Amino acid sequence: MLRAENLDWHARDMVDGGFSPDNYTYPCVLKACSCSDNPRIGFQLHGVVFKVGFDLNLFVGNGLIALYGKCGCLLEARRVLGEMPSRDVVSWNSMVAGYVQNKRFDDALQICREMESLRHKPDAGTMASLLPALTDTSSEIISYVKQMFVNLEKKNLVSWNVMITAYMKNSMPEKAVDLYLQMEKCEVEPDAITCASVLPACGDLSALLLGRRIHEYVERKNLCPNLLLENSLIDMYARCGCLEDARRVFDRMKFRDVASWTSLISAYGMTGKGYNAVALFTEMLNSGQSPDSIAFVAIISACSHSGLYNEGKLYFKQMTDDYGITPRIEHFSCLVDLLGRSGRVDEAYNFIKQMPMEPNERIWGTLLSSCRVYSNMDIGLVAADKLLQLDPEESGYYVLLSNIYAKAGRWTEVTATRSLMKRRKIRKRPGISNVELNNQVHTFLAGDTSHPQSKEIYEELSVLVGKMKELGYVPETDSALHDVEEEDKECHLAVHSEKLAIVFAILNTRESPIRITKNLRVCGDCHIAVKLISKIVQREIVVRDTNRFHHFKDGTCSCCDYW
DNA sequence: ATAGGGTTAG
């Protein structure tokens, strides 16, 4: 490629050789300037092309817009766009890209609307330029981009990829997967970028079958070696609870980066294999790969999930002292979790008080759940108080608080919490569990009766509950919000979404393990119940909740009841 | 000819 540093050189060459730059040369040269860290030559070129009138050329003008956009001179870019005698879609896209690169997302969208009003149709390039503006954005903007996609005259690979990524960047993995399947139907051939974009969605949904199918496709099309794609594969397997598969991809990689290691470390961490995570972290250091801030989050949280108190604290110290990484709120959150989860609730609270930044919801939430586990009402009340201020709409905190009161036998306060919730019109967030069957993700809500097989599922569940009781199962009412009579409570617990999803899988599949993903943490009752179910039906059951994996087998769980 | 698409934590 032409480089700006060599421009003088090239220019002299051309003159000496009797060539003079024309409007085919300038776009290339402008591109070289905008990619270099010395765009001034580009600005000078603007003067040159202006003198000879080349600035009226479409391609030259487009080059100038991109150049000014990349340098943050948006007014100038805008001026060039406005003064061009004719514009094409690239002119508009370059302007959109300019605003996006400078984080002026509203202006970028404004340009899109403007081009549409002038009957210039957005294309895949417009969507691609917008993409960085689409991380955690509003549903209005997502539907705007979706409309753009739908209206495309010709959908090319890039447009599909961008739309999939846009869904992913807005926590809409179902939509991302949906679109991928549609893409297959339209016989558009996915490339490495498609796969790397949709695999995290498979991981999110525990859509292992689809993930595997994409992996096979990747092999068939020889899309690897490709670092980002392989990292996506590791992550997909890790989040589907398939450690061996994740490991296999990792082991076969030619080149690894910190993301490859981090994915695998957290995979071990989430399964409760803290010592493996520690060993892997050491191996990473020995291989010459330095950890980054995210890698430390992964290893400290791995320690926390396995109760490796000393190791976790050591990593926190190592991070700051040896690697000069300033701990972010995520690291503090991991450490609070490490302390609280291992029963050091006071230490966790003191640690929070010494934090250099304002503790957020996550921090107090972590503390509150450890208060519940270790029945620490004093600190629990402090945490709950903060949380009800920070997010009075989140039902989970009321439930935790109520549980803490209930454990202490403070029934008046239980009732008070319940009526506070009612007064504020806060409904419990429904638990949702996903299970994959025949390339389709089936979703169950707590108490769901909408599934076509619903009747069968409930019948089978009550048979199972009967067998569980023979094995000594007593529904643990502590896990439910105490707002119903004892008998009802048992009934409510029986229909937590994971139970429905598991029974559905028992009825419809034979192969182990059964894999479930849920949107909340597994409650104590379900944990006991699933252990028993795994014994009764002799099936391995893997449940991924918001925090970690539970591998149930023959009546026990991989977390050793530490969670 | 000019713009523009991907991975890692909690």
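Colleague: With which residue does the side chain of Asp245 meet in a salt bridge?

Modeller: Please note at the outset that this is a predicted model, in which local features need pLDDT of at least 70, side-chain atom pairs count only at pLDDT 80 or more, and totals for chains, interfaces and linings use all residues. Residues are numbered from 1 along each chain as its sequence is written, chains are lettered from A and ligands numbered from 1 in the order in which they are written, and side-chain values use heavy atoms, with hydrogens and water left out. A salt bridge is a side-chain nitrogen of Lys or Arg within 4 Å of a carboxyl oxygen of Asp or Glu. Here the partner of Asp245 is Arg212, at 3.0 Å from N to O. Because Asp245 lies in helix 15 (residues 243-252) and Arg212 in helix 13 (residues 208-220), the pair ties together parts 33 residues apart in sequence. Helices are DSSP runs (H or I, at least four residues), numbered from the N terminus.

Colleague: Is Asp245 buried or exposed?

Modeller: Buried means under 20% relative accessible area, exposed over 50%, and partly exposed in between, with a 1.4 Å probe and protein chains only. Asp245 counts as buried because its relative accessibility is 13%, whereas Arg212, at 28%, is partly exposed.

Colleague: How many salt bridges does the structure hold?

Modeller: There are 21 salt bridges. One of them joins the side chains of Glu114 and Arg78 (2.9 Å, N to O). That pair links distant parts of the chain, with Glu114 in helix 7 (residues 105-117) and Arg78 in helix 5, 36 residues apart. Glu114 is partly exposed at 25% relative accessibility, and Arg78 is partly exposed at 30%.

Colleague: What separates the closest N and O atoms of Arg410 and Glu413?

Modeller: In that salt bridge they are 3.3 Å apart. Arg410 is partly exposed, with a relative accessible area of 34%, and Glu413 is partly exposed at 23%. Salt bridges may also share partners, and in this way Glu76, Arg79 and Glu83 are joined into one network.

Colleague: Where is Cys71 found, and which residues is it in contact with beyond its sequence neighbours?

Modeller: Cys71 is in the loop between helix 4 (58-70) and helix 5 (74-83). Contact means heavy atoms within 4.5 Å. Leaving aside neighbours within four places in sequence, Cys71 is in contact with Pro39 and Phe43. Its relative accessibility is 28%, so Cys71 counts as partly exposed.

Note on methods
Helix = DSSP H or I, 4+ residues; strand = E, 2+ residues; numbered from the N terminus.
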